Amino acid sequence: AAQLSTQPEVEYAEPNYLYHVTRTPTDPGFSTRQWNFTALDLPSAWDINDGAKNGNIIAAVVDTGVTTVNQSFTFRTWNGTAIQNVVVPFAVNPDLAASRLVSPQDFAFGGGAVVMDMVEHGTHVSSTIAEDTNNGTAEAGIAYNAKIMPVKVCVGFWEVQFTLSANGTRGFAPLDSGGCPNATIAQGIRYAADNGAKVINLSLGGAGAATTLQDALTYAVGKGAFVAIAMGNEFEEGNPVEYPAAYAATIDGVMSV
């Protein structure tokens, strides 16, 4: 085309490119709720790579957990007058197949390979990353062929309440109970890197530097992982610097959002 354009009798010359219809998900929530996906032009990205199409990408969600079992568990809790047993049912997200949840680990509540999300945050994050797409259900996921590694490093009100009651403490835990200890987060990051996660997502943070986390991030990228970390939702409060996202400036392979 460039050579033809130099000819005096040719007005212009260009390749006759073959375009394609942009892939738009059939999930009902995509057009009504996921305006951010359109703002990021994800349909065009999916035309290039169909949602991590090779299916061998593992994204670790280091968070409040992603429920991995369809099972009920009995816990002790305070009912206002006494401590009693309650049966709590858990279920795998119906829009994220259990077969796509790999190498789960709980470092915050009970331990082991059975993970339960009692807060919903980890479930929300994992859905944004990898929820099934074009299945006519709920919303779309960004990398909808990727696998999710549920790594529980945070607890909320219910984990604290159940623990207090199991130890015989009468009364309710504060509603804002819970959190994500630095040492536990670091443990989760290292576990994810050691078990094949090529993407590690940390939608958590707070004030104060922590060498424990800095070292864990350096370790993870040294194992070939890419780490995405939220800088927080406090724009209206002056956008305070949060950790571990602040370490992204000095560690190649870590991104602050």
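A residue is called buried when its relative accessible area is under 20%, exposed when over 50%, and partly exposed in between, using a 1.4 Å probe and protein chains only. The model here is predicted, so local features need pLDDT of at least 70 and side-chain atom pairs count only at pLDDT 80 or more, while totals for chains, interfaces and linings use all residues. Residues are numbered from 1 along each chain as its sequence is written, and side-chain values use heavy atoms, leaving out hydrogens and water.

Let's begin with the cysteines. A disulfide is a pair of cysteine sulfur atoms within 2.5 Å, and the count comes to one disulfide. Cys154 and Cys180 form this bond, with their sulfur atoms 2.0 Å apart. The torsion about the S-S bond is about 110 degrees, so the disulfide is right-handed.

| Residue | Relative accessibility | Class |
|---|---|---|
| Cys154 | 2% | buried |
| Cys180 | 31% | partly exposed |

Now to helix 8, residues 211–222. Helices (H or I, at least four residues) and strands (E, at least two) are DSSP runs, numbered from the N terminus. Which residues of helix 8 are buried? They are Leu213, Ala216, Leu217 and Ala220. These cover an arc of only 100 degrees around the axis, which puts them on the same side of helix 8; the arc is taken from the directions from the helix axis to the C-beta atoms. On the other side, Thr211 and Gly222 are exposed. Just after helix 8, Gly224 takes a positive phi of about 95 degrees.

Methods: The expected span of a helix is 1.5 Å times one less than its number of residues.
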